[in-house]
Amino acid sequence: MANNFCIAFGLLRDCAGWSLRSMKRLGRFFIWQWRAKKRHSSIRSLEVALGANVGERVIIEKGVFIDAGSSIDNFSYINPNSSVENAVIGKFCSIARDVMIGPASHNYRNLSTHPFWHQDFYGFDCSGTASGAAIAKTRIGDDVWIGCNAVVMQGVTLNVGAVIGAGSIVTKDVGAYEIWAGVPAKKIGQRFDSNVIQDLVALDWCNLSPTDIQSLIVPNISNVEAVCKKPTSYHP
Ligand SMILES: CC(C)(COP(=O)(O)OP(=O)(O)OC[C@H]1O[C@@H](n2cnc3c(N)ncnc32)[C@H](O)[C@@H]1OP(=O)(O)O)[C@@H](O)C(=O)NCCC(=O)NCCS
């Protein structure tokens, strides 16, 4: 009898916990809808932390997880089921589906890699234990394209214009406008000649005003050299 009561009580407690968690997720989603409207952004995921920083005209698709320590700047998009932890993402980035950016590491120098010693959930007394080690930020520069199923390891920097092949595991920093692929990822090419890359880095087009992007970049999207040669106020 007492046993049945315990089971029923446990079930009730689990249901209440589940409803509370669902309501919290829904609440978060609606707050994001309100914030996104003001920023002309589209957030279709229930898993974006309220502490995350989302810019203007950003698209975050269903099932994307973004933690409170991360930010994603204007005009970037993230396709379904990707995950962003403790990362800074620049402008005009294209992030495909099932990409993982900055997955946290466990300290394998500890006696155990399991997090029982700093998460109350596992039933141990966690008072007085330090939480996990400081985690290095992962940095994704402007105009980076990351192919589907890629993993960008914690603390890695992808510089402006980088391209990461589908299924790659990136463990090292990637230079501006370089193309990397494989496991572990290696440089397989670069998008333009080195002198053009220098000009593009100097131009820093992603940080021009939308009006300048409209007049300089949009009509010349397939004519990089022409943009670089333009002796205008766009160049510093
Ligand atoms: C990285 C990528 C852009 C390179 O395209 P590309 O310049 O046409 O490259 P190529 O097909 O000429 O391949 C060049 C070399 O890199 C290798 N390579 C290309 N993509 C690779 C990948 N994802 N992983 C491992 N190796 C790769 C090729 O096998 C080839 O090797 P080889 O010279 O030894 O034969 C492309 O392969 C890719 O992965 N695109 C991502 C697609 C995607 O995820 N789209 C999602 C839409 S948002």
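Colleague: In which sense do E15 and E17 pair?
Modeller: This is a predicted model: local features need pLDDT of at least 70, side-chain atom pairs count only at pLDDT 80 or more, and totals for chains, interfaces and linings use all residues. Strands (E, at least two residues) and helices (H or I, at least four) are DSSP runs, numbered from the N terminus. Two strands pair if DSSP finds at least two bridges between them. E15 and E17 have 2 bridges, and their sense is parallel.

Colleague: Which residue in E17 is the bridge partner of Val-163?
Modeller: Residues are numbered from 1 along each chain as its sequence is written. Across the pair, Val-163 has its bridge partner in E17, namely Ile-179.

Colleague: How many bridges join E17 to E18?
Modeller: E17 and E18 run antiparallel. The number of bridges joining E17 to E18 is 4.

Colleague: Which residue forms a cis peptide bond with Val-183?
Modeller: Most residues other than glycine have a negative phi, and most peptide bonds are trans. The hairpin of E17 and E18 has 4 residues between the strands, and there Gly-182 takes a positive phi near 105 degrees. The loop between E17 and E18 also holds Pro-184. With omega about -10 degrees, the cis bond joins Val-183 to Pro-184.

Colleague: Is Phe-75 buried or exposed?
Modeller: Phe-75 has a positive phi of about 70 degrees, although it is not a glycine. A residue is buried if 20 or more other C-beta atoms (placed from the backbone) lie within 10 Å of its own, exposed if 12 or fewer, and partly exposed in between. Phe-75 has 21 C-beta neighbours inside 10 Å, so it counts as buried.

Colleague: How many other C-beta atoms lie within 10 Å of Asn-81?
Modeller: Asn-81 is in the loop between E6 and strand E7 (83–84). Its phi is positive too, near 65 degrees. Asn-81 is partly exposed, because the number of other C-beta atoms within 10 Å is 18.

Colleague: Which strands are the edges of the open sheet?
Modeller: The open sheet has 5 strands in parallel pairing, in the order E4-E7-E10-E13-E16. Pairing on one side only are strand E4 (65–66) and strand E16 (169–170).

Colleague: Which residue in E16 is the bridge partner of Val-152?
Modeller: E13 (residues 151–152) and E16 run parallel, joined by 2 bridges. In E16, Val-152 partners Val-170.

Colleague: How many residues are in the largest nonpolar core?
Modeller: A nonpolar core is a set of buried Ala, Val, Leu, Ile, Met, Phe, Trp, Tyr and Cys residues joined through C-beta atoms within 7 Å. Those with the most contacts inside the largest one are Val-152, Leu-158, Ile-164 and Val-170, and its residue count is 40.

Colleague: How many residues of domain 2 are in contact with domain 1?
Modeller: By an automatic or database domain assignment, the chain divides into domain 1 (1–105 + 135–191) and domain 2 (193–236). Their centres, taken over C-alpha atoms, are 29 Å apart. Contact means C-beta atoms, placed from the backbone, within 7 Å. Domain 1 contributes 10 residues, and the number from domain 2 is 4.

Notes: Two residues are in contact if their C-beta atoms, placed from the backbone, lie within 7 Å.
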